[in-house]
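Hi,

Here is the structure I said I would pass on. Have a look at it first, and my notes on what turned up follow below.

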Amino acid sequence: MIDVKQKMREILAAESRAVANIPVTDGYETAVELIVRAHNSGGKLVTSGMGKCGQIAENIATTFCSTGIPAVFLHPSEAQHGDLGILQPNDVMLLLSNSGKTNEIVALVTLAQNLYPQLKMIVITGNKDSELAKLADVCLHTGGAPEVCPLGLTPTTSTTMMTVMGDVLVVNTMLATGFTREEYAKRHHGGYLGVKSRQPVNEEK
């Protein structure tokens with residue numbers, strides 16, 4: 001019989017350790033500078049990833065959109081069938097691949113740079129020695145903690161770390177651009193957050 005609560009404690013402890021051990025490097029400052037520079041130059045952030053990494057990349061893009069940085073998710077396979085046209089010369093790319101070997105993402109780098117050689121690439125990966133990491137202008141390493149999946153295969157710990165790293169980029173970019181509550185309200189009209197963003201801070205419930 002599985003002790004679900006004990007296993008839960010173990011998973012929480014393992015993922016907490018993994019997040020706490022994400023390497024804190026100068027790369028984050030550089031990544032934020034590239035994102036802000038692209039925005040100030042009329043460009044946008046373009047995120048990409050395959051599979052579970054792609055889902056995290058899409059979430060990061062939507063979070064940036066709501067906090068003042070226009071961003072889109074580009075599916076790496078669809079990029080090979082015309083969607084590469086979303087790219088503009090002043091954009092910056094944020095690519096996610098735990099292995100750093102994802103064929104579609106490595107190919108996307110080549111395709112994007114053939115279109116616009118000056119495009120800057122930020123990579124989040126669990127393999128800092130990978131081909132993708134070497135192609136990046138900025139490599140943000142997850143720390144490479146093992147997955148909590150009992151098979152050691154299913155993206156679990158790795159996607160948790162990538163989500164947190166995306167949060168680090170978003171929050172620091174908000175601080176760098178001076179993004180305000182008023183600007184947030186302009187972009188978020190519906191739901192609880194829309195109402196909350198338009199309330200004075202001392203009236204929040």
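The fold first: five strands make up an open sheet, ordered 2-1-3-4-5, with parallel pairing. Strand 2 (71–73) and strand 5 (138–141) are the edge strands, and each has a single partner, so one side of each has no neighbour in the sheet. On average, neighbouring strands here are turned by 20 degrees against each other, ignoring direction. Keep in mind that this is a predicted model.

Going into the sheet, strand 3 (residues 92–97) pairs with strand 4 (residues 120–125) in the parallel sense, over six bridges.

Is Thr157 buried or exposed? With a relative accessible area of 1%, Thr157 counts as buried, because the cut-off for that is under 20%. As for what surrounds it, leaving out neighbours within four places in sequence, Thr157 is in contact with Glu15 and Ala18, and also with Ala145, Pro146, Glu147 and Val148. Of these, Pro146 has its backbone oxygen 3.2 Å from a polar atom of the Thr157 side chain.

Cheers

Technical notes
Residues are numbered from 1 along each chain as its sequence is written. This is a predicted model: local features need pLDDT of at least 70, side-chain atom pairs count only at pLDDT 80 or more; totals for chains, interfaces and linings use all residues. Side-chain values use heavy atoms; hydrogens and water are left out. Two strands pair if DSSP finds at least two bridges between them. Helices (H or I, at least four residues) and strands (E, at least two) are DSSP runs, numbered from the N terminus. Axes are lines fitted to C-alpha atoms, for helices over the stretch in contact, and angles run from 0 to 180 degrees between N-to-C directions. Buried means under 20% relative accessible area, exposed over 50%, partly exposed in between (1.4 Å probe, protein chains only). A polar contact is a pair of N or O atoms within 3.5 Å; within protein, one must be able to donate a hydrogen and the other to accept it, and residues adjacent in sequence count only if both atoms are side-chain atoms. Contact means heavy atoms within 4.5 Å.
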